[in-house]
Amino acid sequence: MIRDITLGQYYPADSVVHKLDPRVKLFATLIYIIALFSFRGILGFALITGMLIFMISISKVPFHYIVKGLKAIVILLIITATFNLVFTPTGTEYWHWGPFHLTSDGIQNAVLMTIRLIYLIIGTSLMTLTTTPNQLTDGLEKALSPLNRIHVPVHAVAMMMSIALRFIPILIEETDKIMKAQMARGADFDHGNLIQKAKGMVPLLIPLFVSAFRRADDLAMAMEARCYSGGQGRTKMKPLKYGKNDHLAYLILLLFLAVVIVARILLPFPM
């Protein structure tokens, strides 16, 4: 399951999505999240699904590679669905025991929230899979550059986010190595109930934290050795410039958001 986490990883491919400006992909992700938590009914669901399928198809990232990242959040999906299922007292009641209720609204909320979380992971993973950490840093810094006027350390924020994304696959690999080393010494991570599995993961935390702090210290030393002093006065080897496809992507995204908003307003039934 550790190897199935795709967030922060980059999948190289020659596609239109890979060639888009990172600012466009950041804006697209924001619009997608807004639309995802705003849609209503079957029409809204169809619009979100259609846009997601279209983006995956033109990104040339294998669908199974994107979907395997969902394995890491199965427990979160189950907990979210369960809480929505039994703690929603409104709607037609089918079962009741103490504080727990099984109602029509609870079933609807559980299904809807599960779909939204799945789509959220797929959509955000698609952005990181088609954008290198360097491009993501440059795009975020450029997009937030107006905040420099009010003395917000935009470059530092973008650098921290870039380093965090870079560390995700590294720490995943490190965790996998520690697990294999402990399994070779008799540790069991696959058997037992949920509580036993959670207790079995505790011995991983100390070596993982030690490794993370060591890597962070090595990175800080390397940046100091190269006289890194922040974003003041720094230039880019490849400055970001918008192209025709970027402007077209912005237009498509705005039209998509407008259609989702109109569909939400005009739908006669909630969902």
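This is a tour of one predicted model, stop by stop, with something to select at each.

**The whole chain**

The chain holds 10 helices and 2 strands. Follow the elements from the N terminus, and their order reads α-α-α-α-α-β-β-α-α-α-α-α. Of the 271 residues, 34% count as buried. Now consider contacts between residues with a separation of 6 or more: 73% of these join residues 24 or more positions apart.

**The largest nonpolar core**

Next, select L36, I48, I66 and F256. These residues have the most contacts inside the largest nonpolar core, which has 25 residues. Then color the elements that give two or more residues to this core: α2 (22-36), α3 (41-59), α4 (63-67), α6 (104-129) and α10 (244-266). Which element gives the largest share of this core? It is α6, with 7 residues.

Stay in the core and center the view on I48. Leaving aside residues up to four places away in sequence, I48 touches Y32, A35, L36, F39, Y119 and F256. Two of the names in that list, L36 and F256, are also among the residues with the most contacts inside the core.

**Helices α2 and α6**

Hide everything except α2 and α6. Two packed helices are described by the angle between their axes and the distance between the axes. For α2 and α6, the angle is about 175° and the axes are 10 Å apart. Therefore α2 is roughly antiparallel to α6, since an angle over 145 degrees counts as roughly antiparallel.

Show the side chains at this contact. From α2, select K25, L26, T29, Y32, I33 and L36. From α6, select R116, Y119, L120, G123, T124 and M127. Colored by type, the residues of the contact of α2 with α6 divide into 7 nonpolar, 3 polar and 2 charged.

**Helices α7 and α8**

Move on to α7 (residues 133-143) and α8 (residues 154-184). Their axes come within 9 Å and cross at roughly 155°. That angle makes α7 roughly antiparallel to α8. The crossing in which α7 passes α8 is right-handed.

To see what meets here, select P133, N134, L136, T137, L140 and E141 on α7. How do the residues of the contact of α7 with α8 divide into nonpolar, polar and charged? The division is 8 nonpolar, 4 polar and 2 charged.

**Two loop residues**

Select H151, in the loop between α7 and α8. Its phi is positive, about 65°, although H151 is not a glycine. Is H151 buried or exposed? H151 counts as exposed because its relative accessibility is 72%, and the cut-off for exposed is over 50%.

Now go to K60, in the loop between α3 and α4. K60 is a residue other than glycine, and its phi is also a positive value, near 65°. With 53% relative accessibility, K60 counts as exposed.

For the last stop, select S57, which lies in helix α3. S57 has a relative accessible area of 49%, so it is partly exposed. S57 and S15 are 42 residues apart in sequence, and their C-alpha atoms are 9.7 Å apart in space.

Notes:
Residues numbered from 1 in each chain as written. Predicted model: local features only at pLDDT ≥ 70, side-chain atom pairs only at ≥ 80, totals over all residues. Heavy atoms only, no water. Axes fitted to C-alpha atoms, helices over the stretch in contact; angles between N-to-C directions. Helix = DSSP H or I, 4+ residues; strand = E, 2+ residues; numbered from the N terminus. Parallel < 35°, antiparallel > 145°, perpendicular 65-115°, else oblique. Left-handed = near helix turned anticlockwise from the far one by under 90°. Contact = heavy atoms within 4.5 Å. Nonpolar A, V, L, I, M, F, W, Y, C, P; charged D, E, K, R; others polar. Core = buried A, V, L, I, M, F, W, Y, C linked by side-chain atoms within 4.5 Å. Buried < 20%, exposed > 50% of the residue type's maximum accessible area, 1.4 Å probe, protein only.
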